[in-house]
Structures are given as structure tokens and as C-alpha cells.
Amino acid sequence: MRTENEMYNLILEVAKKDVRIKAVYMNGSRTNKNVPKDMFQDYDIVYVVEDIQSFIEDKDWIRVFGEILYMQYPDENPNFPSDKKNSYGYLMQFTDGIRIDLTVQSINYALQNIKEDKLCKILLDKETILPEIEVATDCQYWVKKPTKEQYFATCNEFWWCTNNIAKGLWRKEIPYVQDMTNYYVRTELITMLNWKVGILTGWSVSTGKSSKYLYKWLSEEEWQMLLSTYFDGNVDNAWKSVLNMCELFENVAQFVGKKLGWEYNEKEGKAAQAFLEYVHQLL
């Protein structure tokens, strides 16, 4: 696998030699000092160019970056919106394990959008067309303190949706149960866990994409409990995981409510858990 220095040299050399490319900037995990470094981090690169169309028409120009194992043209996907006149992407996985997510942007588009992502670092600016930007920071992704309404809505959504899980498990509808758990109930659990992290850190950290860094701030017991909520296709295992999820949510919601000065609705939680247990006993 090529080294980080080799990749930066290649990315910049390509830009320097191509008169159409006016500037280069990078965002993503490689600009975030708080993200653990490893060899599989993507290179999220933006080339600011005069004419996007010439890059779109010549599909072979990207081969200068290495032997492509497989790739994706996200702006060619009809299921997602695109603005090919101003921005066009190439997601490339190379045979040596390196991945580059490269975007070419028009000058006007770059000028309008470069400051939106604070995890941004300018690597090259041939004609000083880009504005000065602050040092890259993940502050816009820090866990945000909830309002009272958000706290109670999250609690209510978590407990309300568990009745769908109960009925799905009774019917042995595992695909439905997985969706209800992962897209609805777990979402509220992860939100509550993030709020706990925010309280513990003074609302000054990001837990990463999909909250993958929660383990840094949760106790070992909480982390293991969270991992136990991910279940397979076995109904009995699913029941155990869901009940663990309820226990973890209740504990964390009580902590968050107390720290923020709000009284957790214990009656609601107990009623939802009682219904789960009732359906469980019907099996």
C-alpha cells in the first residue's frame, strides 16, 4: 500500500501539471486531528477546475492515480440529485487498498461552499482564488445539547416503537424487527448515549460517523451492553437484545434527565417494558 506522503505527492503533482486545475483542498477524516489515523482512511480530495465537462467526458484521466479495482460515479446515479455543471465525483478503490473520493468543482461552486465544512484544508492554490479558511476542526459535528422537548420526544419515540418490535417478534418477522430496531428504536438510544457523552465532555466532542467512537466515553459495562443490542436472526436472541436495549436506554435517559434538570417519565418506560414482557410471555 502506498504511503500517505506518496499519495499527497501524487495528488498534488497531478494538479500542478494540469492547467485546468486551479486549486486543491481536502476534507474528511484526514483533516480531523481527533480521528485515529490508520491506513484505510479515505483521501477526500477536491480539485477546483475551470471546466468540469472536460473531466466528465474523459473517463480515463483518473487512471493516473493507480490501478482501479472498482469505482463509482455517484453523480450518474439516477436515484440521487446531482449538479454536474458545478460538481462531479469519482469514488475510487485501488488494488493496493488506497481509496480516493475525488470531486471536481467549478470555481464559483467552490467559493460558495468551501466554508460549509469546517474539516477543510487547502493543499494547493495556484492563483490564490480560494478564501482564507480557519484551521480544520470538527466543532460543527460536536454533540449538541438537546432542548427539553427533544429529550422527551426521544424518550417517547423509543418506548412507543418498542411495541412494534414486540409484535414483530411474536410473529417471528425478523426482517421487520431488524428494521424497526435499527432505524427507529436504536436511533433514539444512540441519540441518548450521545447526549450523555455531551454532558460528560461539556458538549465539546464528536462521536464520529454513526457514533462509532462512543466507546471512548462510555463505561466498559455500557459499551458491552450496547454491543449486546445487535442481534442475529434468532428470535430468542433478539428478545434478549431488545430487553438489554431497554435497560440501557432507561439508565442513560435517567442520567441525562437528571443532569439537565428534567424528570424522566418513569411511568412511560415501565409501561412499555411491561407490554414487551407480556408479549414475550405469549410465545
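Predicted model: local features only at pLDDT ≥ 70, side-chain atom pairs only at ≥ 80, totals over all residues.
Let's start with the helices. Two packed helices are described by the angle between their axes and the distance between the axes.

| Helix pair | Angle between axes | Distance between axes |
|---|---|---|
| α4 (residues 148-170) and α5 (residues 174-201) | about 155° | 9 Å |
| α5 and α7 (residues 235-260) | roughly 25° | within 9 Å |

Take α4 and α5 to begin with. Their axes meet at an angle of about 155°, and since anything over 145 degrees counts as roughly antiparallel, that is how α4 runs relative to α5. The crossing of α4 past α5 is left-handed. On the α4 side, the residues making the contact include Tyr151, Phe158, Ile165 and Leu169, and α5 brings in, among others, Tyr176, Met180, Tyr184 and Trp195. Sort the residues of this contact by type and you get 15 nonpolar, seven polar and two charged.

Now for the other partner of α5. With a crossing angle of roughly 25°, α5 and α7 are roughly parallel to each other, because the cut-off for that label is under 35 degrees. This crossing is left-handed. The residues here split into 18 nonpolar, one polar and four charged.

Next, the loops. Most residues other than glycine have a negative phi. Two residues in this model go the other way. Lysine 172 sits in the loop between α4 and α5, and its phi is positive, near 60°. Is lysine 172 buried or exposed? It counts as exposed, because its relative accessibility is 56%.

One last stop is valine 35, which belongs to the loop between β1 (21-27) and β2 (43-49). Its relative accessibility is 13%, so valine 35 counts as buried. What does valine 35 touch, leaving aside residues up to four places away in sequence? The answer is Ser29, Gln41 and Tyr213. Valine 35 and serine 211 are 176 residues apart along the chain, yet their C-alpha atoms are separated by 12 Å.

Definitions and conventions. Residues numbered from 1 in each chain as written. Heavy atoms only, no water. Axes fitted to C-alpha atoms, helices over the stretch in contact; angles between N-to-C directions. Helix = DSSP H or I, 4+ residues; strand = E, 2+ residues; numbered from the N terminus. Parallel < 35°, antiparallel > 145°, perpendicular 65-115°, else oblique. Left-handed = near helix turned anticlockwise from the far one by under 90°. Contact = heavy atoms within 4.5 Å. Nonpolar A, V, L, I, M, F, W, Y, C, P; charged D, E, K, R; others polar. Buried < 20%, exposed > 50% of the residue type's maximum accessible area, 1.4 Å probe, protein only.
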